[in-house]
Amino acid sequence: MNRIGKLAAGAGVLAAAATAVAVGVRKRSPREDPYLDEPLGELVPDRTGSVVADDGVLLSYEEVDPADGGQAEITAVLVHGFAMSRLGWHFQRRDLADLVDPRVRQVLYDHRGHGRSGRSSAAASTIDQLAADLDEVLRAVVPDGPIVLIGHSMGGMVVMALAERAPELFAERVTGVALIGTSAGEVGRSGLPRPLLSKYNPLTRVLGRVAEWQPAAVELVRTAGGGITRQAARTIGFGPGNTSPRLVDFLVKMLDVTPVRVLADFVDTLGSHNRYAALAGLKHCRVLVLSGDHDWMTPFAHAERIAAALPDATLVRVPGAGHVVMLERADLVTEHLATLLRESHQGG
């Protein structure tokens with residue numbers, strides 16, 4: 001049985017199988033980290049490359065083929081969130097490769113200024129530019145065939161911006177869209193709870209000013225007392241329940257790669273993002289809207305607002321989960337993505 005089959009059979013079966021493989025005859029303590037032996041961020045892609053953005057910035061990407069060697073029937077493009085990288089899709093990247101109904105080719109890339117991609121100017125650190133980058137990635141790496149776009153946080157905003165930029169793409173080739181832990185509009189004007197990333201959040205504004213004044217000092221503060229950084233990642237990224245220490249460390253590792261100056265450069269575009277009108281461009285697609293109900297970055301009310309604008313969308317509330325729900329509740333997220341891919345393929 002492949003991993004997706006195990007997911008469908010139930011989380012208990014999956015946990016038991018994973019434990020048996022990882023520790024053999026030794027029974028793992030309930031308090032032991034379930035991801036102790038998981039190679040987080042170490043999966044080897046089938047191919048890697050770079051796409052040149054319209055302003056010359058190099059965008060790093062990787063491809064993952066179906067695990068059984070069969071011909072892919074649909075391509076999933078995974079678009080990561082603010083301050084993270086494509087490594088954040090670790091579990092989905094691992095498990096979606098096992099799908100056979102349909103077989104899925106995966107394309108994952110890093111936004112400009114994030115992960116392994118090149119740095120950008122502050123002026124080009126906008127969601128509009130990120131949408132243009134995604135367009136370039138699709139043209140270069142996915143020139144034909146049906147596509148499912150999967151966006152988390154800022155990645156979801158980029159997918160919406162692409163729908164605004166290239167509606168014909170969504171009418172002709174994009175058959176499915178997943179919007180995970182994201183928002184369609186600036187909360188200062190919507191009356192919804194303000195996400196932590198809002199340009200009106202005073203902490204975010206102070207971060208930007210300090211980074212501009214003395215970026216080296218901010219980096220020192222962020223890295224010198226690892227415990228503080230780790231606690232912040234734990235609080236902001238995850239829900240209030242028990243969380244794997246390895247997942248927290250993995251998130252910290254991703255966040256540490258992104259310079260504070262890059263974070264500050266994107267503050268204004270996150271705050272001014274408003275793509276409610278662009279949601280109409282998703283009417284030809286199957287849409288999944290999924291969010292944790294303990295998401296401090298983009299509260300669940302934002303997911304509800306998106307779903308209200310897309311009455312045919314599937315809205316999933318994940319109890320107790322925080323912003324990085326695809327790590328925290330990986331099995332559940334992957335199940336819903338597998339369903340979206342299957343329905344998008346059948347309907348396409």
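This is a predicted model: local features need pLDDT of at least 70, side-chain atom pairs count only at pLDDT 80 or more; totals for chains, interfaces and linings use all residues.

Visitor: How many aromatic pairs does the structure hold?

Guide: One. Y35 and F91 form it, 5.1 Å centre to centre with 50° between the planes, so it counts as tilted. The rule: rings of Phe, Tyr and Trp (its six-membered ring) pair if their centres lie within 6.5 Å; planes under 30 degrees apart are stacked, over 60 edge-to-face, and the rest tilted.

Visitor: Where do Y35 and F91 sit in the chain?

Guide: In distant parts, 56 residues apart. Y35 is in the loop between α2 (11–23) and β1 (47–52), and F91 is in helix α3 (residues 90–96). Helices (H or I, at least four residues) and strands (E, at least two) are DSSP runs, numbered from the N terminus.

Visitor: Is F91 buried or exposed?

Guide: Buried, with a relative accessible area of 1%. Buried means under 20% relative accessible area, exposed over 50%, and partly exposed in between (1.4 Å probe, protein chains only).

Visitor: New topic. How many salt bridges are there?

Guide: The count comes to 17. A salt bridge is a side-chain nitrogen of Lys or Arg within 4 Å of a carboxyl oxygen of Asp or Glu. One of them joins R86 and D110 at 3.2 Å, N to O. Both of those residues are buried.

Visitor: What about R139 and D135?

Guide: Their side chains meet in a salt bridge too, at 3.3 Å, N to O. They are four residues apart in helix α4, so about one helical turn separates them. R139 is exposed at 58%, while D135 is buried at 8%.

Visitor: Why does a gap of four matter in a helix?

Guide: An α-helix has 3.6 residues a turn, so residues three or four places apart point the same way.

Visitor: Which parts of the chain does the R275 and E164 pair link?

Guide: Distant ones, 111 residues apart. R275 is in the loop between α12 (260–272) and β7 (286–292), and E164 is in helix α5 (residues 154–165). Their salt bridge is 2.9 Å, N to O. R275 is buried at 8%; E164 is partly exposed at 43%.

Visitor: Now helices. How far does α11 reach?

Guide: Helix α11 (residues 245–257) has 13 residues and reaches 19 Å from its first C-alpha to its last. That is close to the 18 Å expected, which is 1.5 Å times one less than the number of residues. Its buried residues include L247, F250 and M254.

Visitor: And in which sense do β7 and β8 pair?

Guide: Parallel, over five bridges. Strands pair if DSSP finds at least two bridges between them. S291 stands opposite R317 in β8.

Note on methods: Residues are numbered from 1 along each chain as its sequence is written. Side-chain values use heavy atoms; hydrogens and water are left out.
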